[in-house]
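Welcome! Here is a short tour for anyone meeting this structure for the first time. Take a look at the sequence and the model, then read on.

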Amino acid sequence: MSSPGQNLNMSGVMQDERIERDFSARSEEEQQAFLEQTWCDQCQEVNLGMTNPNEYLFKGIIFIEGECNRCGHVVLTELTEDDF
Ligand SMILES: [Zn+2]
């Protein structure tokens, strides 16, 4: 009984939709680079590395989200169009 059946707001928010992408489709080199070149908000340090990468498109920007190798906090890498 967790959903009361109010699905009226489901449409009309397309911009907020995440489009999953296949991180593993990138070349080994690229994957390695993205896994190493990180910024962790929690550690306030660059290039600690991430695990469990998950790539998606959101509002026209590609994000690669993973977990900090040191603290496990979520780290996000944003790719602008130049990096595509
Ligand atoms: Zn960290």
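## A first stop: Asn52

Asn52 counts as exposed, because it has 11 C-beta neighbours inside 10 Å. Asn52 is not a glycine, yet it has a positive phi of about 50°. You will find Asn52 in strand β4.

Before we go further, please keep in mind that this is a predicted model, in which local features need pLDDT of at least 70, side-chain atom pairs count only at pLDDT 80 or more, and totals for chains, interfaces and linings use all residues. Residue numbers start from 1 along each chain as its sequence is written.

## The overall layout

The protein chain holds one helix and six strands. Here helices (H or I, at least four residues) and strands (E, at least two) are DSSP runs, numbered from the N terminus. Read from the N terminus on, the order of elements is β-α-β-β-β-β-β.

Of the 84 residues in the protein chain, 11% are buried. Among contacts with a separation of 6 or more, 40% are between residues 24 or more positions apart; two residues are in contact if their C-beta atoms, placed from the backbone, lie within 7 Å.

## The sheet

Which strands form the open sheet, and in what order? Four strands do, in the order β1-β4-β5-β6, with antiparallel pairing. The edge strands, each pairing on one side only, are β1 (18–21) and β6 (74–79). From one strand to the next, the twist averages 30°, an angle between N-to-C directions on a scale from 0 to 180 degrees, with axes as lines fitted to C-alpha atoms.

Two strands pair if DSSP finds at least two bridges between them. Strand β4 (residues 50–58) and strand β5 (residues 61–68) run antiparallel and are joined by seven bridges; Thr51 stands opposite Glu67 in β5. Six bridges join β5 to β6, also an antiparallel pair, and Gly66 stands opposite Val75 in β6.

## Between the strands

Lys59 lies in the loop between β4 and β5. Lys59 is not a glycine, but has a positive phi of about 55°. With 9 other C-beta atoms within 10 Å, Lys59 is exposed.

The hairpin of β5 and β6 has five residues between the strands, and there Gly72 takes a positive phi near 80°.

How values were computed:
Buried ≥ 20, exposed ≤ 12 C-beta atoms within 10 Å, placed from the backbone.
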